[in-house]
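Welcome! Have a look at what is shown below, and then we will go through it topic by topic.

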Amino acid sequence: MKILVPLKRVSDPDNANKIKVGAGKVETTGLEWKPNPFDEYAVETALRLTENGTNAKARLGEVTVVTFGPKETETTLRAALATGADKAIRVDTTDDAIDGDLLARALKALVEREKPDLVLLGKQQVDGDANQVAQLLAEYLGWPQATFAGQITSEADKALLVSREVDGGSIKLRVTLPAVVSVDLRIVNAVGVTSMHTPPTHKYSDGVRFAALMAIMAAKKKSLTEVKLTDLSPDTALKIKYTGFDLPPARKAGVKIKTVAELVQKLKTEAKVL
Amino acid sequence: MAATDNPLLSDRDVEFVLYEMLAAADLCRLPAFRDHGRETFDPYVQQARRFAREVLYPAYRPMDESPARLEGSGVVVHPRMKELWPQMVGLGVIAATRPAAVGGASLPLTVATAANAYLMAANLSAYCYAGLTTGAAHLIEAFGDAHLKTTWMPRLYSGEWTGTMALTEPQAGSSLTDVATRATPRPDGTYAIRGSKIFISGGDHDLTPNLIHMTLARLDGAPAGIKGVSLFAVPKKREEKGALVPNDVHVTGLIHKIGWRGLPSLALGFGDAGDCRGWLVGEPNKGISYMFQMMNEARIMVGLNGVATALVAYHESLAYARMRPQGRPLLSKDPTRPQVPIVAHADVRRMLLRQKAICEGGLALVAFTAKQADLAAHEVDVEARRRAGLFLDLLTPVAKSFPAEWGFESNALALQIHGGYGYSSEQLPEAWLRDQKLNSIHEGTTGIHGMDLLGRKVVANGGEPLRILLEEIAKTCARAEAAGVDRAWVDRLREAAEQTAGLVMHLGALGMSGDVDGMMRHSTHFLMLFSILVVSWLWLWQATLAKEGLAEAGADAAFYEGKLCAAQYWIATELPRVDALAALCRSNDDSFARMQDAWF
């Protein structure tokens, strides 16, 4: 099975975000970057689908990782190559020059070029939280989609049985390949992925795998190609425009209320909830 | 995936030490490290860091609470350890610094030091199964014959088996001269081993199917004393007809330890039934010299154990001090105002700053020493390589002892900051305090290192190693002045360096004149003095980098200001002790020398 995994670096959620007043964007200089966690889960899922877990070094499929960003985002790609991905593509652009829709259109062109059987994505980015790319891409490709996958069972590499995380439980969908699937946190549980290559007795460690030192060194020699965004999508117009950013207003201090009557009064006249 | 709030180490400080202080990426100019660069160093340190925080650290308390047990004839380790081992092996920890020819990754020890510090801070016992295995395999790599190198060494480096250091015997601890385990040649070229060992860390377990004990023993007819001790590789199980069969190595007791409780320490009997076989490593009667060649690395590892154990406790107490509300500012006693977190009290910050100065000074010390080990082994320029070797030898006793002694104090401060809660086993600082204590005992006690430093290291090669240190101190002082570091700090370090040089001349002259007792009486005090000098130098260096860093636009001001405060604290409170210690060493005070056994 050939799998394409788009991934992105995001600013570390532990950073204190700096807002430049009136700048219309978040200040990104000096921020720490890390891979979007849901994208790391997608890479882990892709690896589990293309290996025998008892002998993970022998690859039984091909995982291509792709990111959209400047040169320094290649660090993110090398990290994915070190954990086991087979090759990488960087589409040269900047965060400001793309939105979810342009990303989906460019990915469609990349899919037509790379011809994967499956596109696996994180369900959303923890910076923008838009949760759009998987759905848009499936629509543009005319492929079946299953989002928020918490469990995937590969059926002879022809179809996937996907358990989707939804409010109040899960929904099982069978999607025939090629397809677009986005993954949720639970996919990286020990039993999140069932592949025909791995004996059912094999238990993965919870979470995404660690990269061995030797694999980090070997990743330097794996293929990493650069593509121009305009080669994938001559139309680089954005559908989303940011008009401004502001910090949430500071909370006002509370007041102490002496009687129930006073509370009811305030709820009526000030909070206007009664 | 349970993540921890305790960062174990400051990532920023690790980056500072590796790249701003030690220019670790420059090591890649050397042929040995040519496959490396920041593009391999950074991801490896990141992987170790994540593994330490997410996997090793959550297992620390359970492993401390239920130590390995002796069941029947063998040791059963904590079930968590069985999950940790394959993952830790998978990271490539065991052979990281070894060359590709033996399956390693040729990682500089400098960088491995940073990565290992996270693992040790998270779970010292768990890490040490790997550390001991590296040490055992390295002995075979350096001195073993082709048979040992092709059969057992790969199994150690791959983590299929583990290794131990079986040196100590009940009557021969610090005094390895008195090793009594016997080795008798057998017709097949192996040796029949017979004897008892004690305090063998990781000496038995059910983690892997086999273990190799690197064992000191005496050949029949060998000379008495240290020159009659040979090194043997003794497996727990030996291979016969393709199967592993018991090799007559028995657990005779399990030590109930106060710390490092995830790693069993054992008494072992070799050859009780006359059927224990050992394989000679290297030449007969050279066992001690082989061990000595491995000791720098083992001692750097113990130094790092100490730093890591102090660091994890420092970060725990820092988080506690920021969270625990208690009392009000000195001039604001209004009880209707909310209490402030204890970090707002200057005396709590004193305890935190002392820990920071010890921990970050210790990390810089061990990492710098590790860099000298890298250069001593791999530098191409012969003179630079020789110089690094001398510097390494000089700094090793300090890198081993400073983190253990000052680290214990740092661990005590972490407990102190937790107040009454710290004195309960509900909180972790007491566990780290117990762990830390071993570091002044094993791999040579502090007393031994004092004698090694004063009796051998500072006077070696006509005092050349000391001259190297003094030159480095002079360079740092000049750079500090240029960077605008407070002139008084620089002067104090210069004075302390001169005073130390004068003291070494004085004590060396006593030794030359035959008054060895007069020279060596205060060797432990000398080790303390020397440690303070070296760490003060490293703090002046860090202050210099902080000044230079602050002068740049967009500087990480909070980080550098913190460095300056820690340097100031160290130079103001610790460096002055050099005066008193130097006076003590010179005075030859004889209080404990003339004190008699019966008077206690």
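Let us begin with one pair of residues: B:Ala166 stands opposite B:Thr215, a residue of strand S6 of chain B. Please keep in mind that this is a predicted model.

**Strand S6 of chain B and its partners**

- Strand S6 of chain B covers residues 211–219, and nine of its nine residues are buried, so the strand is largely enclosed by the rest of the structure.
- Strand S3 of chain B, residues 162–166, pairs with S6(B) in the parallel sense, and five bridges link them.
- Strand S4 of chain B, residues 182–185, also runs parallel to S6(B), with two bridges joining them.
- Strand S7 of chain B, residues 229–235, runs antiparallel to S6(B), and the two are joined by seven bridges.

**Where chain A meets chain B**

- How many residues does each chain bring to the contact? Chain A gives 15 residues and chain B gives 20 residues.
- The area buried between chain A and chain B is about 1500 Å², and carbon and sulfur atoms give 71% of that area.
- On the chain A side, A:Phe210, A:Leu213 and A:Lys220 supply 44% of the area that chain A buries against chain B, which is more than any other three residues.
- The rule finds one salt bridge across this interface.
- A:Lys220 forms a salt bridge with B:Glu39, and their closest N and O atoms are 3.2 Å apart.
- The residues with which chain A touches chain B divide into 10 nonpolar, two polar and three charged.
- Between the two chains, six residue pairs are in polar contact.

**A closer look at A:Leu161**

- A:Leu161 is found in strand S10 of chain A, which spans residues 159–166.
- Its relative accessibility is 22%, so A:Leu161 counts as partly exposed.
- Leaving aside residues up to four places away in sequence, A:Leu161 touches several residues, including A:Gln151, A:Ile152, A:Lys172 and A:Leu173.
- A:Thr176 lies 15 residues from A:Leu161 along the chain, and 8.8 Å separates their C-alpha atoms.

Methods:
Residues are numbered from 1 along each chain as its sequence is written. Chains are lettered from A and ligands numbered from 1 in the order in which they are written. This is a predicted model: local features need pLDDT of at least 70, side-chain atom pairs count only at pLDDT 80 or more; totals for chains, interfaces and linings use all residues. Side-chain values use heavy atoms; hydrogens and water are left out. Contact means heavy atoms within 4.5 Å. Buried area is the accessible area (1.4 Å probe) that two parts lose on being put together, summed over both. A salt bridge is a side-chain nitrogen of Lys or Arg within 4 Å of a carboxyl oxygen of Asp or Glu. A polar contact is a pair of N or O atoms within 3.5 Å; within protein, one must be able to donate a hydrogen and the other to accept it, and residues adjacent in sequence count only if both atoms are side-chain atoms. Ala, Val, Leu, Ile, Met, Phe, Trp, Tyr, Cys and Pro count as nonpolar, Asp, Glu, Lys and Arg as charged, and the others, Gly among them, as polar. Buried means under 20% relative accessible area, exposed over 50%, partly exposed in between (1.4 Å probe, protein chains only). Helices (H or I, at least four residues) and strands (E, at least two) are DSSP runs, numbered from the N terminus. Two strands pair if DSSP finds at least two bridges between them.
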